[in-house]
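Hello, and thanks for taking a look at this one with me. Please keep the viewer open while you go through the points below.

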Amino acid sequence: MAQPHRLPQGGRVDRATPIRFSFDGRTIEGFAGDTVASALLANGVHLVGRSFKYHRPRGILTHGSDEPSALLQVDRGPGKIDPNNRATVVEARNGLTTSSQNRWPSLAFDVGAVNDLLSSVFVAGFYYKTFMWPRSFWDKVYEPVIRAAAGLGVAPQVADPDAYANRHAHCDVLIVGAGPAGLAAALAAAKSGKRVILADEQPEFGGSLLHDTTATIDGQSAEAWRIAAIEELDGYETVTLLPRTTAFGYYNHNHVALTERVTDHRETPAKGAPRERLWQVRAGEVVLATGSHERPLVFADNDRPGVMLAESVRVFINRYGVAPGRRIVFVTSGASAYAAAADAKAAGLEVVMVDLRPERDCGPEAADLRLKGVEVLTGQTVIETKGRKRVAGLVVAPCANGTVGDRRVIACDCVGMSGGWTPAVHLFSQSRGKLAYDEGRDAFLPGVSAQAERSVGAAAGLYDLATCLTSGYAAGAAAAGVAGGRAFAASQTPTGFTPVRDLPTDANPAKVRAFVDFQNDVTAKDLKLAMREGFESIEHVKRYTTTGMATDQGKTSNMNALGIVSKALGRPLPAIGTTTFRPPYTPVTFGALVGPARDALFDPIRTTPIHEWAAEHGAAFENVALWRRAWHFARPGEDMHAAVDRECRAVREGVGIFDASTLGKIEVVGPDAAEFMNRMYVNPWTKLGVGRCRYGLMLKEDGYILDDGVVARMAEDRFHVTTTTGGAPRVMNHMEDYLQTEWPDLDVFLTSTTEQWAVIAVQGPRARDVIAPLVSGIDLSNEAFPHMSVREGAICGAPCRLFRVSFTGDLGFEINVPADYGRAVWEAVFAAGEPYGITPYGTEAMHVLRAEKGYIIVGQETDGTVTPDDVGLAGMIAKAKKDFVGKRSLARPDVVAAGRKQLVGLATETAALVLDEGAQIVADPGEPIPMTMLGHVTSSYFSANCGRSIALALVADGRALMGRTLHVTTPAGFAAATVCDPVFFDSEGGRIHA
Amino acid sequence: MLDRSLVARRDRPLGAAPTSNDRARVAPAPAGVRLSLRVRGAEGLSSLGLGLAINRMSAEGERFSARLGPDEWLLGAGEAELETLEGEIAAALGDRFRSVVDVSHRNVAVEIAGPDAASALNAGCPLDLSDAAFPAGSATRTLLGKAEIVLLRPTAEPLYRVECWRSFATYVHGFLVEAARTA
């Protein structure tokens, strides 16, 4: 019979809409509105998992997001699989495939359960004590074994095909939790007309009202009140209602992160709809109505399937119409479980109530329940549970003043336990608010707020329904800044409990396995052992025993653990303190955190206007910062080296074309522009004529090279500055920083023009011949337009700034045209160059060509510790300038000291040997280790134009070592190389002026 | 004499067609003139939007002026209006020191319009885009995901103009299309 444990009536499930899903290969039938947990229980399935450490059979402990045991792998289709879903949270629907975790070969027969038999070995701190020696075992044996055994569930194997959305939102009042207190707060806040967001992790708003079927509010049923409240809220344009949305992180400035589960519950989601949406809400005020968690009781084998929280038994009966057992024993130390027992009795189930409190401490609830015909035992303790993979009995005994009387076995198939309530203060704690221990409620309650925030209802330790409503309403009004409160009349809630820690027992304490943290498999015995071993700080106990850690964050276990530690140490609870609650409150998918930032949207990929042309012409690309640059243009059958050799020769022998658009560009404008440049760069700028260019070198305050680039003077008050590709944002910020904070008196403005201009470098002896037919308004002759000058004119009818500059050492031009004209001009130049064999070249050939000339690249020859003199550029420094950024640092003792590394060339003895960049250099390869390292190779290439390898290196006192043979590390040993001038090609430099 | 066949055409980085999501329609905007104007002490002038408050804009047809900071305006005009606009700046500011830089090819604009446009923008823009906080005539430099943008809301219509640098246009456009789809 399908769903044998579905009650004949009741519950919020839609009995007209049956659904089915699979669990461990078995088909489970349920109804729309079920969770996976409620559907499993309806089918009598209690054993749903194996515990983390001991592989003990585990069932369903709770009905919500505090579930520590019923963690399932959920498969929603190809790639849509994730582990550790709480069965009590996952909405059951057609098409789900669920399975238990941490078991092999099957859930019923799990080999790993041998760990349970060895439990006396796996005590607290087991790893720390055991896996210490021999040290060599760690990498090869211990770590692999621990890694294989660790964790629950299986990580997905393929990329997640789902879409995830992100949303920033602002509101005046954010209310977390839509139970009675949250709903009342929302009603009050909404009236103000301010923007309100109400979020709740459940599919339906109402919290406890969803299962409190007998409660009344203001003379109507709680359900009628709930429906009216939601209708009213829905009527406000200013109110955003977010069901299925968990607030998981509370950060600074009332920045709260929430995940909305948009489509997981839908069999056929709308096309393109995201699976989840991450909300990042900045709220003026926050109202935390997050409710509370019921505490388990700590007694032997309290983790047996069928043992659950008392209120959860009530929820399964009332909200899902499911009997978690036919004969249920409730064990409690407080009043709330009596409501659960009464509802179970009303549902036609057999009920026994066991109260740990002596008769005199019980309220009227005990007599009321007896009147309903339920046996109520008071003054009891629980010794243990009976059964194996499902509870079959509860062993209880009278207990007074620590003396345990005769045992009695109560046969049962379900236990509902209640050790009292713990307010869910996780978000409050994350907000950095101070918790205060309240002895009357035996709980840490929100104390001093650190942010604009209020806790209400059960989250503030207020459990009575009318009080929840009143406190919620008052907080909602106050958060919205409006006056007014209102009283609510509501049915009375049975509240109050006597705190108990681990229950008294007459069993051998060494044999008792009474679980405190069900998810992390921590027992009361583990905590006491940690104490005996000297761990007294609760933070240390947490890390040593793992209690309250991981995804669970101590929701059900925190107060029991603290209470046991407090009792064992003989110190009051406030002296023990509590551990810090960390985000996320419940696990968050990686997808939600990543959002749309995948594939093409992972990072902006910056491409130039000429990128498509390069791609069409066979370019391989390399990443330079966010840019993608053409690396080389290998032809079919050519490898990279052959391509680079060909490209390098073409530039020296004919003409090459290169996309330099990524160079950073800054327009420096104003009457004080030259003065500003004087202060920013080491070079002098005052006398640079309009139409002339200069290589500029920029230092940081510490005197080390920050950036370099050619600067053109377009007018008396206007400079066209270029920077390195990767340095563009850094240089712009550096300049703006000085301009705004140090020299606000200078009349200068900076504008980034990096992307305004496409830059086409035409380099080589035929460069002038190629561009001449395309250029108008500029005399290209050597006399009229010498090296290091700039002219404005037109190319192909497009306005251009034409630079006569060269990073190759050959005749060269850099054509700057407005970016949208870049490709058309490039194509025109390429066509005009074809008679000359024009060759597109990439960044690799560019690097080789400049190295042949000994030109440095910032970030390659420099590493943030290199001065102008180190790279032989001291001559650039304007001697007459009073100051410039970094000037004083150039006089520091260590900067002027002898022995600094200096830029030199290296010629290997074996001409074909290309050294490794970064390779270390020594004088004597026979020196014992540690050897004296003189420096390192900074750039190294094979140069087709030189017919041999070339290398640049930074070597201590390098310029004094010309002609000396040094030795460079290679993978095959040391290679001899001669120190030489860093200019390998055309050392007279005549070609550039051709 | 320049061969007319060699006269350069203008290629915009986004050839993409508008997306058809009615609630948040994303469309690349046509090319236009953009000038970055920097000037101090010009707030008293009324022309060219110089009198605007910071983070406010005025717009008429293709012409707009957005004050992005104490001394910074982004001026927009139709593609053929560069000289006209430069002339107006000269007329308005006379000899006053200023910086005028043509960024027409640096900036690329994408428009997003429709009832979900603000929500879609909020996929990557952390600002409050409600009518109260970001009303008609708002303009600001901000972020969209990992790209810096200038966000303009010329009118009360739910139509926003996102201006970014040219090489970020593909990312920004793709981000908005995805955001419109999942808003």
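1. A word on terms before the helices: axes are lines fitted to C-alpha atoms, for helices over the stretch in contact, and angles run from 0 to 180 degrees between N-to-C directions. Helices (H or I, at least four residues) and strands (E, at least two) are DSSP runs, numbered from the N terminus. This is a predicted model, in which local features need pLDDT of at least 70 and side-chain atom pairs count only at pLDDT 80 or more, while totals for chains, interfaces and linings use all residues. Residues are numbered from 1 along each chain as its sequence is written, and chains are lettered from A and ligands numbered from 1 in the order in which they are written.

2. Let us begin with a helix pair in chain A. The axes of helix 5 (residues 180-190) and helix 11 (residues 465-479) of chain A come within 7 Å, crossing at roughly 35 degrees. The crossing of helix 5 of chain A with helix 11 of chain A is right-handed (the near helix is turned clockwise from the far one by less than a right angle). Residues are in contact if their C-beta atoms, placed from the backbone, lie within 7 Å. From helix 5 of chain A, the residues that meet helix 11 of chain A include A:Gly182, A:Ala185 and A:Leu187; among those of helix 11 of chain A are A:Cys468, A:Gly472 and A:Tyr473. By class, this contact has 15 nonpolar, four polar and no charged residues. Here Ala, Val, Leu, Ile, Met, Phe, Trp, Tyr, Cys and Pro count as nonpolar, Asp, Glu, Lys and Arg as charged, and the others, Gly among them, as polar.

3. Next, the domains of chain A. An automatic or database domain assignment gives domain 1 (1-161), domain 2 (164-292 + 423-479), domain 3 (325-417) and domain 4 (663-753 + 868-896) of chain A. Between the C-alpha centres of domain 3 and domain 4 of chain A there are 83 Å.

4. UniProt, in an unreviewed entry, places "domain: FAD/NAD(P)-binding" at residues 172-437 of chain A; annotations of this kind may be inferred rather than shown by experiment. That span is 21% helix and 38% strand, with end C-alpha atoms 30 Å apart. The UniProt feature "domain: Aminomethyltransferase C-terminal", also from an unreviewed entry, covers residues 901-986 of chain A. Residues 901-986 of chain A are 0% helix and 52% strand, and their end C-alpha atoms lie 25 Å apart.

5. How many residues of chain A are in contact with chain B? There are 43, and they meet 41 residues of chain B. Strand 8 (164-176) of chain A is one of the elements that supply at least two residues to this side, and strand 8 of chain A gives the most, with six residues. The side of chain A that touches chain B has 24 nonpolar, eleven polar and eight charged residues.

6. Chain B is assigned domain 1 (17-31 + 106-183) and domain 2 (33-103), whose C-alpha centres lie 22 Å apart. Their contact takes eleven residues from domain 1 of chain B and 13 residues from domain 2 of chain B.

7. Last, a check on helix 1 (residues 82-93) of chain B. At 1.5 Å a residue, its twelve residues should span 16 Å, and the end C-alpha atoms are 17 Å apart, which agrees; the expected span is 1.5 Å times one less than the number of residues. After helix 1 of chain B comes B:Gly94, with a positive phi near 55 degrees.

Note on methods. Contact = placed C-beta atoms within 7 Å.
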